[in-house]
Amino acid sequence: MEMLELILANHRQPNDPFSPQLLMAIFWEEGYFTNRKQQKGSAIGFGQTEPAELPKLTTQRARDKGYDVPGVSSTTRELSDAPAVAAPSCLLLYMFHSSQAATRDGKITAALHGYAGVDFKGPSALTREDRLRIIGNWLACERELKKLPFSVFTIVNYPGKLAQLEQRYMDALRLAKPFVRDYEFSQSPLVRFRDLLFPRNWFMPGLSAPVSGAAAASAGSSAPAGRSTGEHFLVVAGPGERLARVTRGDVVVRQAPNGGLPHAARIRSSLATPDDFFFEGVMAERGAPGLYAEVESRGRQPIARRIANHSGRVAGNMIVLRPSAPAASAAERFGEATDAELRQQRTGLVARITRSDLSWHEVPLQEGFRILVSWPILKDDFFVPVTAGESLEMARRFDVFPLSRAVMDQAYNVANRLTFRNERRPGHGRDSCRSRSDQTSASPIPRGK
C-alpha cells in the first residue's frame with residue numbers, strides 16, 4: 001500500500017502511456033519495492049535508474065513535455081522515495097518522446113526496450129532474450145494488476161474478502177518476479193514475506209499496524225504506525241487521487257514525518273488557495289502551492305492546511321475521510337456542541353446583554369438627517385442572533401427604538417459599491433463554517449437621535 005501511494009502521487013501524468021500498474025511491476029521486479037543502490041552496479045532507486053540517464057530529465061525539453069525531475073544529475077547517488085518513483089516514470093517518457101517509431105505502440109515498445117537495455121552491447125550477465133523476457137513479465141503483471149482495485153478508495157471499499165484480494169495481488173506480482181510468499185523472516189512473532197506486503201489493517205493507508213522491529217530489520221522495510229478507523233469513516237480520496245471537493249466535517253489524516261502516530265484534523269471549509277484564505281483572515285501553513293482547507297485549530301488562530309496540488313490530487317502523506325455516522329453522533333464524537341446546547345448557549349447570551357454592549361455608528365439619511373445605529377451585538381466573542389421579538393424587548397428595556405426597515409433601506413441606498421480584485425466565493429472559507437457570526441442582529445437605535 002505504501003508503494004501504491006508513492007506511485008499514484010509521483011508517477012508522471014502528461015501524455016503518459018505507461019500505467020502506474022506497469023511501474024509497480026517494474027519496481028517489484030527490480031528490487032521488491034526497496035529504494036536502494038544496486039549492489040554490483042551504479043543504478044539507484046525503486047526502478048534501478050542509472051545516474052548517467054538523469055541529466056536527460058533536467059532539460060528544457062523535459063520541462064516542456066512534463067517529464068522533468070528537478071535537482072538530479074549524473075552525480076546523484078541516492079534518491080528519496082518521491083523522486084525514486086518519478087525518475088523511472090519520467091525516463092520512460094523521455095524514451096517515448098525520443099523514439100523515431102511511427103506509431104504510439106512502436107514508441108512504447110522502444111521505450112521499454114531502452115529502459116530494460118535490450119540493445120545494450122556491454123558486458124552483462126543478461127542476454128537480449130533475457131531482457132525481452134523481463135519486459136514480458138512486466139506486461140503480464142501489469143495486465144493482472146489492472147484487473148484489481150488500484151486506488152485507495154477502491155481498496156478501502158472493496159466488497160469482497162480481503163484475504164482473497166491479497167492472494168490475487170501476490171499472484172500478479174509473482175508474474176513480474178517469483179517469490180516465496182510464506183517465507184519466514186522471524187518465528188517469534190511469526191512474520192512471513194506476505195506480512196511485509198500486507199501488515200495488519202494494510203487496506204487503510206497510513207493507519208496500518210507496524211511489523212515487528214526484528215522482522216522489519218530482517219526485511220529492510222517497515223510499515224507506518226497507527227490504528228484503524230473501524231467502520232466510522234469512508235475514504236473520500238487517498239494519496240495521489242483526485243479530490244473534487246471536501247465538505248465541512250470531513251477529516252484529513254496526515255502521516256507524521258518521523259513515523260509517529262498520524263495526525264487527524266476536522267475540515268471546516270471548502271478548498272481554496274492560500275491567497276483566498278488570507279482575505280478571510282485565516283493563515284495558511286507554509287508549504288507548496290496548491291489547494292488548502294481550513295482545519296480545526298483547538299482554539300488557536302484559524303489555520304489552513306495544504307490538502308492537494310493545483311490539479312486536485314491529494315498530497316502523498318494524506319488521506320481524506322468522511323464520517324459515515326449521522327451528523328449528530330459525529331458531532332458528539334468530535335466533542336462539538338449539539339443543537340440543543342447551542343440554543344441554550346444563545347439564550348444565555350441574550351439574557352446577559354446590557355446597554356454597555358451596544359456600540360454605535362452614524363448612518364446618513366435623506367434630507368440631511370443622521371441617525372446612530374448600533375453594530376451587531378458582540379457578547380463573549382459571539383455575534384448574537386436575535387428574533388424580532390427579542391429585539392423589540394431589548395429596545396423597550398434600554399429605552400431605544402427598534403431598528404426599522406426604512407432605516408436599513410436608506411443605509412443600503414446611499415452605500416457605495418466597491419469591487420475587490422479577490423472576491424469571496426460562495427461556500428468558501430469561513431463563510432461556509434461560521435454561520436453564527438454571519439447572522440445580522442436586529443439591533444436597536446437610541447431614542448431621540
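Helices (H or I, at least four residues) and strands (E, at least two) are DSSP runs, numbered from the N terminus. The model is predicted: local features need pLDDT of at least 70, side-chain atom pairs count only at pLDDT 80 or more, and totals for chains, interfaces and linings use all residues. Residues are numbered from 1 along each chain as its sequence is written.

**View A. Asp-399 in its loop.** Asp-399 sits in the loop between α14 (388-398) and β16 (400-401). Its phi is near 60°, a positive value in a residue other than glycine. Asp-399 is partly exposed, at 47% relative accessible area (buried is under 20%, exposed over 50%, partly exposed in between; 1.4 Å probe, protein chains only).

**View B. Phe-33 in its loop.** The loop between α2 (20-31) and β1 (36-37) holds Phe-33. Phe-33 is not a glycine, yet has a positive phi of about 65°. Phe-33 counts as buried, because its relative accessibility is 19%.

**View C. The open sheet β5-β11-β6-β7.** Four strands run in this order, with antiparallel pairing (two strands pair if DSSP finds at least two bridges between them). β5 (233-237) and β7 (263-266) are the edges; each has a single partner strand, so one side of each lacks a neighbour in the sheet. Twist averages 30° from one strand to the next. β6 (residues 251-254) and β11 (residues 318-323) pair over four bridges. Val-253 has Ile-319 in β11 as its bridge partner.

**View D. Confidence along the chain.** The average pLDDT (the predictor's confidence in each residue, from 0 to 100) is 78 for the chain.

Note on methods. Side-chain values use heavy atoms; hydrogens and water are left out. Axes are lines fitted to C-alpha atoms, for helices over the stretch in contact, and angles run from 0 to 180 degrees between N-to-C directions.
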